[in-house]
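Dear colleague,

My notes on what was found in it follow directly after.

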Amino acid sequence: MIWNAENIITLSFAILALGSAIMMITRRNPITSALYLIVNFFSISGVYLMLRSQFVAIIQILVYAGAIMVLFLFVIMLLNLSGEKKMMETFSYKKISAIILGLMLFASLGITAFFAFFGKYKTMNPNAEIMGTIQSVGKELYTTYSFPFELVSFVLLAAIVGAIVLAQKKFE
Amino acid sequence: MINSLDFANSIPLLIIGGAGLVVMLLETIFPKSQKGTSETLIFYFSLAAIVAAITFSFGDLTKNFIIYNKFIRVNTLTSVLNIVLLTGIFITVLSSKNYLQQEKINHGEYYSLLMFSLFGMMLMGQANDLIVVFVGLELMSICFYVLAGFMRRKVESNESAIKYFLLGAFLTGFLLLGIAFIYGYTGSTNYTAITDVHPQKDTFYLLGLTLVFIAFIFKTGSFPLQMWIPDVYQGAPTVVTGMMSSVGKTAAFGALISFFSIFALNNIPMVVAMVAILTMLYGNVVALVQSNIKRLLAYSSIAHAGYIMVGFLSINSFSIRAVLFYLVSYILMQSGAFIIISMVEEKTGDNTSKNTLESYKGLGKTNPMLSLLMTIFLFSLAGIPPFAGFWGKYYIFLSAIQVNYLWVAIIGILLSLVGVYYYIKVILYMWFYEPVGETTIAYRSDFSYTAAVISVIGLFAFGVYPDLILRYLRNII
Amino acid sequence: MWIELLISVIKIATVLTVLLVSVAYAVYAERRVSAFMQNRYGPNRVGYQGLLQSFADVIKLVFKEDIVPVKANKPIHTLAPMISIFVALTTIAVVPFGHTIELFGRIISLQITDVNVGILYILALTSLGVYGITLSGWSSNSKYSLFGGIRSSAQMISYELSMGLSVVGIILITGSLSLQDIVLHQNGWKWNLVLQPLGFIIFLVASFAETNRSPFDLPEAEPELVGGYHTEYSSMKFALFFLAEYANMIVASTVIATLYLGGWQFPYLQSFGLPPMAVSILQVLTFCAKVAFLVFFFIWVRWSLPRFRYDQLMNLGWKVMLPLSILNIIVTAILVSVLK
């Protein structure tokens, strides 16, 4: 790895993302957890930016930090989870086995990723700069990927209908 | 770019996708006071759309195209799958009308969600790209989550929906991560492009395949990830359970066929054999001690997923045919059995359904017609000739023997003998026991009867003369 | 490289200084305009005609005691005003306040940075503005504040949609998300105000809602919620919220001016044959004039219209603005594809 400014910034974003993720799952207060998740989204967005995907980076902030997490906070506030004890439970054998299985999954993913990628990609693809712009993303979306793009609208429609069916007050 | 040829070759898809949208609009035509009218209109409209789609699917049987920018395949396999799925939903729609009225959940949204889920399932089968598989699977699953919780006033229904949703959303992550790994290695999500790449045995690539396979194991309800099935199937509205357990599984297995053949997963027979055997073992053994008929059939559906999994030991033209034949018979007998269950549902005071085996005691005396139909479905599920279920099992185990996995076939046959016990137990309850108290039928419905009779005719015809199906399957390479 | 960095730093410093000074005078303007509209004097003692009033207020606020409620969540209570002011000040980074200017033989773009996704950047930051208010409402541990916070998050999410969708029309016409491109496209009479009248109205209304200005100032509605989300704030933290509100108003004005009123474009300026330096300065002044007018418009509306009721607000957002903005997109798309 070359220690130039760009790599250092990318690395610090990655470390920030990791740190905030760990903080997020260890906090007791749900609001604090949610805030760390927002920090995490920002650092991931920074990583995207360093990888020249401006569009994905800004969408990450716009959609996740700007819309979804606001709803999260909104719900947490409405529920008013004051009892901080609820967030912490005692360790049972289930939890321990879940932790062990999770670590195993993480280890297998990590080892595979390490051997698959280590030392392979030292330079950035020259096309990365063009690929990340909104113009090229939009063009691909509306030409090559137009079919699945339209399909996604069906998924969203079904989800909206479903949400109304399950949650509307005076449905009957 | 998309052109008119693409549309001409995907008429069933377009009909069903459009029908889902139209159904939503039909709901708004009549004012709220005339809700019954609009529901009836929607009901007939859905049936007509499905029949039209089936007709066009028969026309697609001889085609072999890759359309929509290589995102969708149309060939014999996909057309057969489409016909199977469409028939399954046809039976479901037919049996739903009076059930929904009786449960007071007769809303137009039910049919539109059903159509959307059907659209998703057809996409899964016809997908030529992992993105389409994912989108189709999501469309299907989201509709299923909502349909499972459609009885909003009932705790069991809500429990079913939330359990299904949480686990389903979690496993979707596996699917997506797997697709991402496959994309990372091959540089494409498209089946055609991936086949051209000739992927080598790379750890990263294999990890992706494993994760996708895990997601499919969940969706088909096979062994390590089967624990959601009984709870979800028990709580959901009975006709929806019938649909999820038959049509939903068929769609998942249909997508799995393409996945196995495209990625040439012939080299993991031991994994598949283990999954299949443990699934059959778990389903059959646990079903022995069930006292709730819905749970019993839920466990039996796990066992059936195991039988179908045997066909994936080595994917070749014969085993694909065997799996498809099994799916045809399975869809008929499983949804048929649930239609009967929905009609026999015994209500307790607070209008919760009990569905105990006790309520089937003496049903043969009070209601011989229903009992006869149920007996046929259970015989077929148990794999007793002359019904289609027998040939399904026969071909599946034959395909295992053909690729020298005799021991898997033997284990499977032995376990299906175990299964005969609990099917026969229900039949004995119906015909050889005296009625306990008053056995009341929840509702009478000509539509549901018609649906059940259609299934029985299918099971009988395909059982006596399996060539009716097999001749369509010959073209599958 | 270093000289470019220096130029950037100077640009940022200048813009921020100008912004903060204009915030002070926006507050002053509000007080004078409201006084004028209510037929009274308003502040006219500190400095000539009260021009130094805002600075006196800031000094007063800085020296006040900082009170934090006992049961408040202290870190978040402190963080919230910072988020508010951060969001308000960073949005200005992509707004062009002029085209280019030639200084010391160098052509300098009169914009802090011209990012490819400028509009999305603005929308993203606007959507973050809600955190400051929501968190301040929650962390104060007071029911009035909480109500204000919850109201504001619901309000901002609702109006963000129509705001984002109304801009799509402009993107369709311009074919770019860069604000400089959008301004360049509005030469001559072709202001987006003329091309997108419906989009302009939607964007204007949504901007009022996003900046929590009257008639959409429900998060701080005095008669019902005491002071809304900043009820429990005092001293400098309160001043930060106050600053953020006016900074938001000015930034919203710059964005509206850029997107719809032609930004720094002075119609047909190039046909006068002026020296380039004069053109550049005139363009910056044009921009400032437009922004000043919009700020006045914000104040004018506040002292003319009564506040919406909460259900009226939601109905307007979801049942009127959203369908209208989608209609705007459809009509624009058809016209663009026909006329191209």
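Throughout, two residues are taken to be in contact if their C-beta atoms, placed from the backbone, lie within 7 Å. This is a predicted model, in which local features need pLDDT of at least 70 and side-chain atom pairs count only at pLDDT 80 or more, while totals for chains, interfaces and linings use all residues. Residues are numbered from 1 along each chain as its sequence is written, and chains are lettered from A and ligands numbered from 1 in the order in which they are written.

Between chains A and C, the contact draws on 15 residues from chain A and 19 residues from chain C. On the chain A side, helix α3 (residues 54-79) of chain A contributes the most, with 12 residues; helices (H or I, at least four residues) and strands (E, at least two) are DSSP runs, numbered from the N terminus. That side of chain A, facing chain C, comprises 12 nonpolar, 3 polar and no charged residues. Here Ala, Val, Leu, Ile, Met, Phe, Trp, Tyr, Cys and Pro count as nonpolar, Asp, Glu, Lys and Arg as charged, and the others, Gly among them, as polar.

The contact between chains B and A takes 27 residues from chain B and 18 residues from chain A. On the side of chain B that touches chain A, α6(B) gives the most, with 9 residues. The residues on that side of chain B are 19 nonpolar, 5 polar and 3 charged.

As for chain A itself, its secondary structure consists of 7 helices and 0 strands.
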